[in-house]
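Here is a friendly walk through one model, written for someone who likes cut-offs stated plainly. Please keep the sequence and the 3D view open as you read.

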Amino acid sequence: MNTNQDRTNGGKLTIDSYKPIVTFILIGLNVIVFLLETSAGGSEKTEVLLKYGASYAPYILENGQWYRLFTSMFVHIGIEHLASNMICLFAIGQYAENYFGRIKYIVIYVIAGLVGSIFSLMVHMKTGDFAVCAGASGAISGLIGTLVILALDSETRRIFPMYRVIVAIIIMMIPGKANVDVAAHIGGLLGGLLTGYTFFYFDKNKYIG
């Protein structure tokens with residue numbers, strides 16, 4: 001059976017009746033980690049960020065702490081950082097979760113976040129500028145990338161016209177602050193787009209065949 005909860009449907013969105021449970025869980029996890037950071041001394045202190053899994057190239061490359069590529073997706077630096085990311089996650093995530101289904105949505109989110117972390121790490125290795133990095137923006141950029149699929153699908157393109165999606169991507173790529181990790185945004189965008197399109201392609205061909 002092809003259900004709204006577990007499918008890449010390429011079909012109509014049902015936002016009015018759909019409950020984006022996974023999106024709410026992801027927001028909750030990010031908030032919980034932020035509260036732990038705050039209780040441990042503050043989310044803008046380097047030692048606290050590293051304690052809760054922020055990405056730092058020397059720790060990853062020299063100490064083998066590769067888990068940081070994943071855990072850094074749930075760590076945020078300051079309340080403004082958390083709030084802006086969670087607003088974006090809610091605004092975009094509910095559509096991506098509805099369209100792809102919960103399981104595929106999780107896969108897209110995690111892969112996009114990991115690819116974003118890897119891109120960021122590669123840039124730091126090349127430049128030698130080893131900054132402590134954290135945030136869900138790589139994964140969220142991946143969700144923005146999936147909007148391209150919604151703009152291509154004949155059933156949803158009227159809701160998500162391509163020009164609006166392109167504008168959203170351009171805005172996301174423009175760093176509003178000097179410390180924005182553009183490499184993570186680019187990596188996340190590509191990771192989300194490619195993963196989402198893979199689901200879309202195989203699902204479409206499954207029903208055509």
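Let us start with one serine. Leaving aside neighbours within four places in sequence, Ser120 is in contact with Cys133, Asp181, Ala183 and Ala184, where contact means heavy atoms within 4.5 Å. Ser120 is found in helix α6; helices (H or I, at least four residues) and strands (E, at least two) are DSSP runs, numbered from the N terminus. Ser120 is buried, with a relative accessible area of 4%. Here buried means under 20% relative accessible area, exposed over 50%, and partly exposed in between, using a 1.4 Å probe and protein chains only. The C-alpha atoms of Ser120 and Gly138 are separated by 9.4 Å, and the two residues are 18 residues apart along the chain.

A word on the ground rules. This is a predicted model, in which local features need pLDDT of at least 70 and side-chain atom pairs count only at pLDDT 80 or more, while totals for chains, interfaces and linings use all residues. Residues are numbered from 1 along each chain as its sequence is written, and side-chain values use heavy atoms, with hydrogens and water left out.

**The chain as a whole**

The chain has nine helices and zero strands, so its pattern along the sequence reads α-α-α-α-α-α-α-α-α. Of its 209 residues, 48% count as buried. Among contacts between residues at least 6 apart in sequence, 76% join residues at least 24 apart.

**Two helices that meet**

Two packed helices are described by the angle between their axes and the distance between the axes. For helix α1 (residues 21–39) and helix α6 (residues 102–127), the axes come within 9 Å and cross at roughly 40°. Axes are lines fitted to C-alpha atoms, for helices over the stretch in contact, and angles run from 0 to 180 degrees between N-to-C directions. α1 and α6 are therefore oblique to each other, since angles under 35 degrees count as roughly parallel, over 145 as roughly antiparallel, 65 to 115 as roughly perpendicular and the rest as oblique.

Which residues of α1 and α6 meet? On the α1 side they are Ile21, Val22, Thr23, Leu26 and Asn30, and on the α6 side Arg102, Tyr105, Ile106 and Tyr109. By class, this contact of α1 with α6 has six nonpolar, two polar and one charged residues. In this scheme Ala, Val, Leu, Ile, Met, Phe, Trp, Tyr, Cys and Pro count as nonpolar, Asp, Glu, Lys and Arg as charged, and the others, Gly among them, as polar.

**Charged pairs and cysteines**

Side chains of opposite charge can pair when their charged atoms come close. The structure holds two salt bridges, a salt bridge being a side-chain nitrogen of Lys or Arg within 4 Å of a carboxyl oxygen of Asp or Glu.

| Salt bridge | Closest N to O |
|---|---|
| Lys204 and Asp153 | 3.9 Å |

Lys204 lies in helix α9 (residues 182–208) and Asp153 in the loop between α7 (137–152) and α8 (162–173), so this pair ties together parts that are 51 residues apart in sequence. Lys204 counts as partly exposed at 27% relative accessibility, whereas Asp153 is buried at 0%.

How many disulfides does a search of the whole structure find? The result is zero, with a disulfide taken as a pair of cysteine sulfur atoms within 2.5 Å. Cys88 is partly exposed, with a relative accessible area of 35%, and Cys133 counts as buried at 14%.

Ser55 sits in the loop between α2 (46–51) and α3 (57–63) and is buried, with a relative accessible area of 8%. Beyond its neighbours within four places in sequence, Ser55 is in contact with Ile60, Arg68, Ser72, Ala131, Val132 and Cys133. The C-alpha atoms of Ser55 and Leu69, 14 residues apart along the chain, are separated by 6.1 Å.

Is Ile79 buried or exposed? Ile79, in helix α5 (residues 79–100), is exposed, with a relative accessible area of 56%. Its C-alpha atom is separated by 10.0 Å from that of Leu35, 44 residues apart along the chain.
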